[in-house]
Amino acid sequence: MTRFVPAPAALGHVLLQNVTVVDPRAGKAQAGQDVLVKDGKIVKVSSHPADAEGATKVDATGLFALPGYNDMHCHALNMPDQVAIPNALMLTAGVTGYRYMSGLNKILDQRKEGTLPTSLGAPEVLAISGPLLTPISAGNPDAARKAVRAQAKRGADFIKVGMVSASVFRALMDEANKIGIPVAGHLPEHVDPREAADLGMKCIKHIGPGAVMLAPASTEEEKVRNTNSPKDIRDLPTFNFPFRDEIAVRLMDPIITNPRTITSENGAKAMILAYQSFNDERAQQLAAYLKQRGTWQCATLIRLHTQNFATDPVHARDPRRTYLPEWRLKKWDKSGKKFDNLGPKIKDALAMNWECQKRLAGIIAAEGVPMIAGTDAVGATGIIAGLGLFDEFKLLRSAGVKSLEILRQATCSPADFLDRADSMGKIAEGYGANMVLLGSDPLADWTEEDCPLQDVQAVMRAGAYWDRPRLDQTLRNLQANF
């Protein structure tokens, strides 16, 4: 535990009594269940009273138990000495696991050594990328191949790609395929998403970025693509020097916080053109192609909304900001001032871009493209760790994504994505004891205004159980510190 998280109500050997167990994959629920947990594992799920001598009994009557939520795009370890803050926030929101999307060599080494900073109640780090591949670390095809091999050798679970050139992207994809390591991240501006799917990119983030995913959904595809970024990044020499990746992250931090603050005139024109020429049939064709290739999507709509509407009161005056330290809020507000300087024309283009990306996300989901829920918390402006996942749920619903599909994106779909369907994403014997207990039925159809997935009444992480009063105390402790 940390100074934020109080002791759990139950720990180690726990019996949840008379709970409704929800299976997101089947879309079914079974009432009147007893769930016995011991040593971080689910021992038994039964409609008959369980033999639980020595267990702490928890009356869960009226509650719905489902697998813990997973944030599949999170940067909680960006500042290891501050990780207790996002960890505490994720606990209060029922987030029991996340995929770390900005790995550094020291983080990979710490995991190998078993020294990653953690505490009781902290979410599981489900996967870690190597350092983000950019023109600094992968400026040409040879450097990209070397970086892929080095990251795989170091123990990275996947390669995260950023704004590299098309030739670099093709080289790193070829190398990654040869050694069998997945690639995920941003789609480079000069790579068609269908080509990325053909090359085997496992997951595309952010419905883009920018207009790159929108071009194939437009009746003016080539014009959108050429307007968006007329020139590809040229190949560059790559230099190795101490702390190169850490320095690169610091240099890119203002852009990472909100890349829309440097929106170019061409970029804005491409967004407007994509909006004006968006075509549902072409979007459906793109989605069908991605589905056929098995190319996952992590929409992070909350990331897109906070960056395209950075100074909107819903973000700039979010009352949940009181859970965060002042230094982070100042960083966001400084970025917001840059956003304010963009001018009305670019802001209008960004609003159009948001509408297109949300529309495309809805079509992608409707066509059955595999998707996982993510927020980009701790790496992007305006997103509250853990609680931001509730925002993502609501925005996905506003995009037309079905309620059950949204639930799956945070529970069983991450298990499928990580090839861990035999140990997570379900409440069953032998599975990890990671659960969120809701006061509302998560299988009921819901609107953006009334999301039952945020009605968290208790959370179990690795067999430790926090009830709502203790979760509320965690939030009060955060406020008291900041």
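**Strands, salt bridges and a cavity**

Mentor: β7 and strand β8 (residues 95-100) pair in the parallel sense over 4 bridges. Please keep in mind that this is a predicted model.

Trainee: Which residue stands opposite V95 in β8?

Mentor: That residue is Y69.

Trainee: What is the strand order in the open sheet?

Mentor: The order is β7-β8-β9, which makes an open sheet of 3 strands with parallel pairing. β7 (69-74) and β9 (124-128) are the edge strands, each pairing on one side only.

Trainee: And how many degrees does the twist average from one strand to the next?

Mentor: The average is 20°.

Trainee: Let us change topic. How many salt bridges does a search of the whole structure find?

Mentor: The search finds 26 salt bridges. As background, side chains of opposite charge can pair when their charged atoms come close.

Trainee: Which side chain meets D157 in a salt bridge?

Mentor: D157 meets R111, with an N to O distance of 2.6 Å. This pair links distant parts of the chain, 46 residues apart: D157 sits in the loop between α3 (141-154) and β10 (159-161), and R111 belongs to helix α2 (residues 105-113).

Trainee: Why does D157 count as partly exposed?

Mentor: D157 counts as partly exposed because its relative accessibility is 31%, and the class covers values between 20% and 50%. R111 is also partly exposed, with a relative accessible area of 27%.

Trainee: Which residue forms a salt bridge with R145?

Mentor: The partner of R145 is D174, and their closest N and O atoms are 2.9 Å apart. Here again distant parts of the chain are linked, since D174 is in helix α4 (residues 166-179) and R145 in helix α3, 29 residues apart. D174 is partly exposed at a relative accessible area of 31%, and R145 counts as partly exposed at 22% relative accessibility.

Trainee: What about R359; which side chain does R359 meet in a salt bridge?

Mentor: R359 meets D280, at 2.9 Å from N to O. R359 lies in helix α13 (residues 344-366) and D280 in helix α9 (residues 280-293), so the pair ties together parts that are 79 residues apart in sequence. For R359 the relative accessibility is 39%, which counts as partly exposed; for D280 it is 35%, also partly exposed.

Trainee: Which residues are linked in a network of salt bridges?

Mentor: The network links D192, R194, E221, E222, R225 and R282.

Trainee: How much space lies in the largest cavity?

Mentor: About 140 Å³ of space lies there. The lining has 14 residues, of which Q82, I85, P86, R328 and V378 are the closest to the centre of the cavity.

Trainee: Which helices each supply at least two residues of that lining?

Mentor: They are α1 (84-92) and α12 (326-340).

Trainee: And how do the lining residues divide into nonpolar, polar and charged?

Mentor: The lining of the largest cavity comprises 12 nonpolar residues, 1 polar and 1 charged.

Technical notes. Residues are numbered from 1 along each chain as its sequence is written. This is a predicted model: local features need pLDDT of at least 70, side-chain atom pairs count only at pLDDT 80 or more; totals for chains, interfaces and linings use all residues. Side-chain values use heavy atoms; hydrogens and water are left out. On a 1 Å grid over the protein atoms alone, a cavity is a set of points where a 1.4 Å probe fits but cannot get out, and a pocket is an open set with protein on both sides within 12 Å along at least five of seven lines; lining residues have an atom within 4 Å of a point. Grid points are joined across faces, edges and corners, and a volume is the space filled by probe spheres set on the points. Ala, Val, Leu, Ile, Met, Phe, Trp, Tyr, Cys and Pro count as nonpolar, Asp, Glu, Lys and Arg as charged, and the others, Gly among them, as polar. Two strands pair if DSSP finds at least two bridges between them. Axes are lines fitted to C-alpha atoms, for helices over the stretch in contact, and angles run from 0 to 180 degrees between N-to-C directions. A salt bridge is a side-chain nitrogen of Lys or Arg within 4 Å of a carboxyl oxygen of Asp or Glu. Buried means under 20% relative accessible area, exposed over 50%, partly exposed in between (1.4 Å probe, protein chains only).
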